[in-house]
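Colleague: I have a model open and want to learn how to read it. Can we take a few features in turn?

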Amino acid sequence: MTIEFDLKENVKENILQEKTPQTIITVRYPVFYRNIAENTLKTAIKSIQYLNNLTGVTPRNVTLVFYLPEKKMGGIYALGFVLGEDVNAGGKGPIYLNLALTRYAPGYMETTIIHELVHVYLGIVGVEANDATRWFHEGMAQYLSIKIAEAIGINVSEYKNDMYNSSKALYYYTGGKFGFIQKWPSDDVSEQEAYLASFYIIANISDSHGGLSYAQRVFSELRKHPVSTSSDIVIVLSQAAGRNLAPFFRSLGFSNIQDWSPTPSAGNTVTTKDTPTLSSYMSLIVALGLSLLIFLVVYYGNFEINQKLKMGIFEML
């Protein structure tokens, strides 16, 4: 049985803080939860160091705030969040973490911390938080939370298996029709499906193109091309993959998706010196024709002169 409640007064908070060379990391937590706060700080420090290298950007301040699972904060089901306006303000945070996470299976706390950090980094590189980009935000956050947790030595095998198996099951159940996430749904059931669909898409593309190295290329493109629509996102994902992903998204039911084609680079440019063109062939034919004409004129001219000499009728000019 689950009991949800609202508090009549605020709970006293304590603060932990760590100043790294680039980022000040702060954890605000209710009293009696110091051990959890310390583990959160350690996870945040390692994750931020990894994300700095992966994304090419660095937040100046990151604040993580624990809250009790009150109804007004989403109850026990909202494990963490960053406000959309904070994401759009350059990912300034804070990150809110539900204390209900302390009762979840190992790995859920750490992946939630990383998940919300990814939202912050996406905000820094200019990915808007709106209904059209929410699927990309959530898909990247879910995928990177697993991959980065593994990279920094956290066992998230149970959570990982849940995400991959559940998202694949949803794909087969819906026939892969995930276009509904282009406009993020508001009801609870559809929203849970939207999370899984978003993860499936990002995991499918990323795992096929290098995993974390692909994610690094995506962030490199995002730093140059901020996005605000699904079509913008598909262009960036295609650039990072080096191939047109628009047909894949259309097969999932996405609409108004623009095709991507590579821009020729200087190293790939083919010149007429290396490859003969129609005009160069025509020039060659004309030159050969002129050479033949000159040969015939000279030949017949000499022939006529010789004949006149033989006949004694050569005229001096």
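Modeller: We will look at a helix, then the core, then some ring pairs. Keep in mind that this is a predicted model.

Colleague: What should helix 6 span, at 1.5 Å a residue?

Modeller: The rule uses 1.5 Å times one less than the number of residues. Helix 6 covers residues 188–208, which is 21 residues, so it should span 30 Å. Its end C-alpha atoms are 30 Å apart, which agrees.

Colleague: Which residues of helix 6 are buried?

Modeller: An α-helix has 3.6 residues a turn, so residues three or four places apart point the same way. In helix 6, the buried residues include E191, A194, S198, I201, I202 and I205. Their cover includes helix 4, helix 5, helix 7, helix 8 and helix 9.

Colleague: What happens just after helix 6?

Modeller: G210 takes a positive phi there, about 115 degrees.

Colleague: Which residues have the most contacts inside the largest nonpolar core?

Modeller: They are W135, F136, L144, L222 and L237, in a core of 80 residues. Beyond its neighbours within four places in sequence, W135 touches residues including S198, I201 and I202. Its contacts also include L237, F249 and F254.

Colleague: How many aromatic pairs are there, in the whole structure?

Modeller: The search finds 15. Take Y171 and F178: their ring planes are at 75 degrees, so the pair is edge-to-face. The ring centres are 5.9 Å apart. Y171 is partly exposed at 25% relative accessibility, whereas F178 is buried at 0%.

Colleague: Which aromatic cluster includes W135?

Modeller: W135 clusters with F136, F248, F249 and F254.

Technical notes: Residues numbered from 1 in each chain as written. Predicted model: local features only at pLDDT ≥ 70, side-chain atom pairs only at ≥ 80, totals over all residues. Heavy atoms only, no water. Helix = DSSP H or I, 4+ residues; strand = E, 2+ residues; numbered from the N terminus. Buried < 20%, exposed > 50% of the residue type's maximum accessible area, 1.4 Å probe, protein only. Contact = heavy atoms within 4.5 Å. Core = buried A, V, L, I, M, F, W, Y, C linked by side-chain atoms within 4.5 Å. Phe/Tyr/Trp six-rings, centres within 6.5 Å; stacked < 30°, edge-to-face > 60°.
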